[in-house]
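Okay, thanks everyone, let's get going.

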Amino acid sequence: MTANTAYEVFLALSPEEKEKFMVLVKGQEVKPKYDFRKKKSKKVVFTKEDAIEYLLATVFKPKKPIS
C-alpha cells in the first residue's frame, strides 16, 4: 500500500473514525533513540600552579648527561 492509497482511505472515513485513526497514528510516532544535538563538553580548568607543574615536567625537564 502506498501513502497515497492510505490517504485516500483516510479521507473516506467518517469523522469519528478519522479521530480514532489519528489517535492510533500519534501513538505510533517514533521518538529518536539518539540525541544528535551537540553536547557541550565540560571546560577543563587549569590553575597557574597546574600550568607551571606541567611545563616543568614536560618542557623544562633537565637533560640527561651524555655518557
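This is a predicted model: local features need pLDDT of at least 70, side-chain atom pairs count only at pLDDT 80 or more; totals for chains, interfaces and linings use all residues.

Areas are Shrake-Rupley with a 1.4 Å probe, and for residues only the protein chains shown count as cover.

Residues are numbered from 1 along each chain as its sequence is written, and side-chain values use heavy atoms, with hydrogens and water left out.

Ile52 sits in helix H3, residues 48-58. Its relative accessible area is 42%, so Ile52 is partly exposed; buried is under 20%, exposed is over 50%, and partly exposed is in between (1.4 Å probe, protein chains only).

Zooming out, the protein chain has three helices and zero strands, running α-α-α from the N terminus. Those are DSSP runs numbered from the N terminus, helices being H or I with at least four residues and strands E with at least two. Of the 67 residues in the protein chain, 1% are buried. The chain exposes about 7,700 Å², with 62% supplied by carbon and sulfur atoms.

Now, how many aromatic pairs are there? One, where pairing asks for Phe, Tyr or Trp rings (the six-membered one for Trp) with centres within 6.5 Å, called stacked under 30 degrees, edge-to-face over 60 and tilted for the rest. The ring centres of Phe10 and Phe21 are 5.3 Å apart and the planes are at 45°, so this pair is tilted. It links distant parts of the chain, with Phe10 in helix H1 (residues 3-12) and Phe21 in helix H2 (residues 15-27), eleven residues apart. Phe10 counts as buried at 17% relative accessibility, whereas Phe21 is partly exposed at 36%. Lys18 lies over the face of Phe10, 5.7 Å from the ring centre; the rule is NZ of Lys or CZ of Arg within 6 Å of the centre and within 35 degrees of the ring normal.

Last stop, H2 itself. None of its 13 residues is buried, so H2 lies largely in the open. The whole structure has one salt bridge, meaning a Lys or Arg side-chain nitrogen within 4 Å of an Asp or Glu carboxyl oxygen. Glu17 and Lys20 form it, with closest N and O atoms 3.5 Å apart. Both lie in H2, three residues apart, about one turn of the helix.
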